[in-house]
Amino acid sequence: AGIRIDRAHGGTVVDYDRDGDYDLVIGTSMMRWSADDNPPRPDRQYMYVLRNDVGQDSNRIMIHLEGAGAPGANTSAIGARIEIRAGDDLYVREVSGSYGVDGYQNDLFQIVGVGEHCEVDEVLIRWPNAEHSTTSIPNVPANYVLRVHETEGFSFQTLEEYTSAE
């Protein structure tokens, strides 16, 4: 893309504009600059938001998980494993929070591109609870938000309905 961010520090891949594709947010660091650096040291830190306007029109499964809380899975569902089966294709995601010393943060909202599939055969969620319970949802249509609660079931929303309720 021809983008150069000097002294990039921390970042996240997140659908910040909630249009159904991931965007990139990157911070900069004021550390380890030398007097002869090119470009020269800026006078302050910056945050870059790189908006992705390509690919949001492809088929995708969007998933919002919510754990039941103690004694079940944590309410953010961090640690949940999502398996999406579409024909011979298998897509796997894990809900994770932040990690590393650079402050990387992940979006809890999961977006999984599924190519030409207009419907997937199954979404299987393995919850991060003591029982390692699972939720299986068959015949999931693409391009809707699948909201799944650990104990209360699931529902489908359009992206517009989902973002207006956030």
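Mentor: Before we speak of charge, note that Lys and Arg count as positive and Asp and Glu as negative, while His and the chain ends are not counted, and that the place of a charge is taken as NZ of Lys, CZ of Arg, CG of Asp or CD of Glu. This is a predicted model, in which local features need pLDDT of at least 70 and side-chain atom pairs count only at pLDDT 80 or more, whereas totals for chains, interfaces and linings use all residues. Residues are numbered from 1 along each chain as its sequence is written, and side-chain values use heavy atoms, with hydrogens and water left out.

Trainee: How far apart do the centres of the positive and negative side chains lie?

Mentor: The chain carries 13 positive side chains and 28 negative ones.

Trainee: Which elements does the chain contain, and in what order do they run?

Mentor: Helices (H or I, at least four residues) and strands (E, at least two) are DSSP runs, numbered from the N terminus. By that rule there are 1 helix and 12 strands in the chain. Read from the N terminus on, the order is β-β-β-β-β-β-β-β-β-β-β-β-α.

Trainee: What percentage of the residues of the chain count as buried?

Mentor: Buried means under 20% relative accessible area, exposed over 50%, and partly exposed in between, with a 1.4 Å probe and protein chains only. Among the 166 residues of the chain, the share that counts as buried is 37%.

Trainee: How many residues lie between β11 and β12 in their hairpin?

Mentor: Strand β11 (residues 145-149) and strand β12 (residues 153-157) pair in the antiparallel sense over 5 bridges, and one of these joins V145 to Q157 in β12. The number of residues between the two strands of the hairpin is 3.

Trainee: Is H149 buried or exposed, and what is its relative accessible area?

Mentor: H149 has its place in strand β11, and a polar atom of the H149 side chain lies 3.1 Å from the backbone nitrogen of T151; a polar contact is a pair of N or O atoms within 3.5 Å, where within protein one must be able to donate a hydrogen and the other to accept it, and residues adjacent in sequence count only if both atoms are side-chain atoms. Contact in general means heavy atoms within 4.5 Å, and beyond its neighbours within four places in sequence H149 is in contact with E66, G67, A68 and W127. H149 is buried, because its relative accessible area is 14%.

Trainee: Which backbone oxygen does the side chain of R60 reach at 3.3 Å?

Mentor: R60 is found in strand β4 (residues 59-66), and it is buried, with a relative accessible area of 10%. Leaving aside its neighbours within four places in sequence, R60 is in contact with several residues, including D19, I111 and L159. The backbone oxygen that the R60 side chain reaches belongs to S58.

Trainee: How far is the backbone nitrogen of T158 from a polar atom of the side chain of E161?

Mentor: E161 has its place in helix α1 (residues 159-165), and it counts as partly exposed because its relative accessible area is 42%. The separation between the T158 backbone nitrogen and that side-chain atom of E161 is 2.9 Å.

Trainee: What is the relative accessible area of A77?

Mentor: A77 lies in the loop between β4 and β5, and it has a positive phi of about 60° although it is not a glycine. P71 is found in that loop too, where the peptide bond from A70 to P71 is cis, with omega near 10°. A77 is buried, and its relative accessible area is 0%.

Note on methods
Two strands pair if DSSP finds at least two bridges between them.
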